[in-house]
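Subject: Structure for you to look at

Hello,

Here is the structure I said I would pass on. Please open it first and then read the notes below it.

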Amino acid sequence: MFTKRTFPVLQAISAALLFGANAPFAKLLLGEIEAVPLAAFLYLGSGFGLLIFRSLLTAFSPYERTEAPLEKNDLPWLIGAILAGGVLAPILLLFSLRHTAASTASLLLNCEGMATVLIAALTFQEAISKRIWAAIVCITGASILVSISSGGAWGISLGAIGVMGACILWGVDNNLTRNISIKDPITIVIFKGIGAGSFSLLLAYCFDIPLPNLSVIFNAMLLGSISYGISIVLFIMAMRNLGSARTSAFFGVAPFVGVLLSFLILRETPNALFLISVPLMIMGIFLLLGEQHAHKHSHSPALHEHPHDHTDDHHAHFHSVEALIPNKTHSHLHTHESLEHIHAHNPDIHHRHGHTQEQ
């Protein structure tokens, strides 16, 4: 049975599937391109790929305003996200990997989801129930299991702490992006992709890292347009309805997807840890999907713009423009009056309220 929560859940899982597919395909490219320029062209592919898509959409179809444009007061969140996730995190990771065992780095990179959740809970007061914490532990645990390498050395060092620091910065990126998730996700990813990709390319130049031939660059950008570009757009759209914590929890299945595709594409053999991780991952998803959260809550008056229709209590306003169809998704500046009611909800853009211990 499809509910209003089904679509954002599918968006979050689809984002994870597309991002998870990046690992095995990127591994095929790593024989012909270094890691830093590969990251650069993956990011640039996401930005320019969506820019081309937006241009074609505008040229061949009538313009319909279904997404809210970015405004001046959104820029601090966007710039902060680009600096944290596209500039500082890659620098910290690059220097940390020089002093970190590969197996340690693979394990610690799973900390991004947990960092996102902790920042959402502690800094942005996003409501996270015991059930959601259990789901996050299950999915993160399963991701760690599929990342364990039996052949590599493992240990905690300053480099390992640096890898965790990079994950925290990506957690900051996710939460800052959440604050502008009501705005056009394609525009957000265009800026993030081109900004982060240009920086990584500059990094490659500074470290005198050679660039590959044009065919490899094209393949990397094509991969980035799908596994980064479309994936991050879906991730942002899911965040506006599920919040950072739940979206990141669903996104935690990405390493699992990457390993599964590696078995199919690269003919790698699954180990016992992968088989153990499967029921753990399924349990985590089951806990997420089965969440029921409803209580009496109040909404303060608000004025903002985002995609909406008129099928819920939050958007019972009237239009002065006849061209706007109330039951069709559209975007315009609108006012929310004070409202108090009870219904099932997630920490979406209308329900980022605090909770008492009983709730």
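This is a predicted model: local features need pLDDT of at least 70, side-chain atom pairs count only at pLDDT 80 or more; totals for chains, interfaces and linings use all residues.

Salt bridges

The structure holds six salt bridges. In one of them, lysine 183 pairs with aspartate 74, with the closest N and O atoms 2.6 Å apart. This pair links distant parts of the chain, 109 residues apart: lysine 183 is in the loop between α8 (158-178) and α9 (185-206), and aspartate 74 is in the loop between α3 (35-60) and α4 (75-97). Both residues, lysine 183 and aspartate 74, are buried.

Glutamate 126 and arginine 246 also meet through their side chains in a salt bridge, at 3.9 Å from N to O. Glutamate 126 sits in the loop between α6 (111-122) and α7 (130-147) and arginine 246 in helix α10 (residues 214-251), so the pair ties together parts 120 residues apart in sequence. Glutamate 126 has a relative accessible area of 6% and arginine 246 one of 2%; with the cut-off for buried at under 20%, glutamate 126 is therefore buried, and so is arginine 246.

Lysine 192 forms a salt bridge with aspartate 173, the closest N and O atoms being 2.8 Å apart. Lysine 192 belongs to helix α9 and aspartate 173 to helix α8, and both are buried.

Surface patch

Phe25, Leu28, Leu260, Leu264 and Ile265 form a nonpolar patch on the surface, together with about 440 Å² of accessible area. Helix α11 gives the most to this patch, with three residues. Isoleucine 265 is found in helix α11 and counts as partly exposed, at 34% relative accessibility.

Regards

Methods:
Residues are numbered from 1 along each chain as its sequence is written. Side-chain values use heavy atoms; hydrogens and water are left out. Patches are made of residues with over 30% relative accessible area and no salt bridge: like charges are joined within 9 Å, nonpolar side chains (Val, Leu, Ile, Met, Phe, Trp, Tyr) within 5 Å. Accessible areas come from the Shrake-Rupley method with a 1.4 Å probe; for residues, only the protein chains shown count as cover. A salt bridge is a side-chain nitrogen of Lys or Arg within 4 Å of a carboxyl oxygen of Asp or Glu. Helices (H or I, at least four residues) and strands (E, at least two) are DSSP runs, numbered from the N terminus. Buried means under 20% relative accessible area, exposed over 50%, partly exposed in between (1.4 Å probe, protein chains only).
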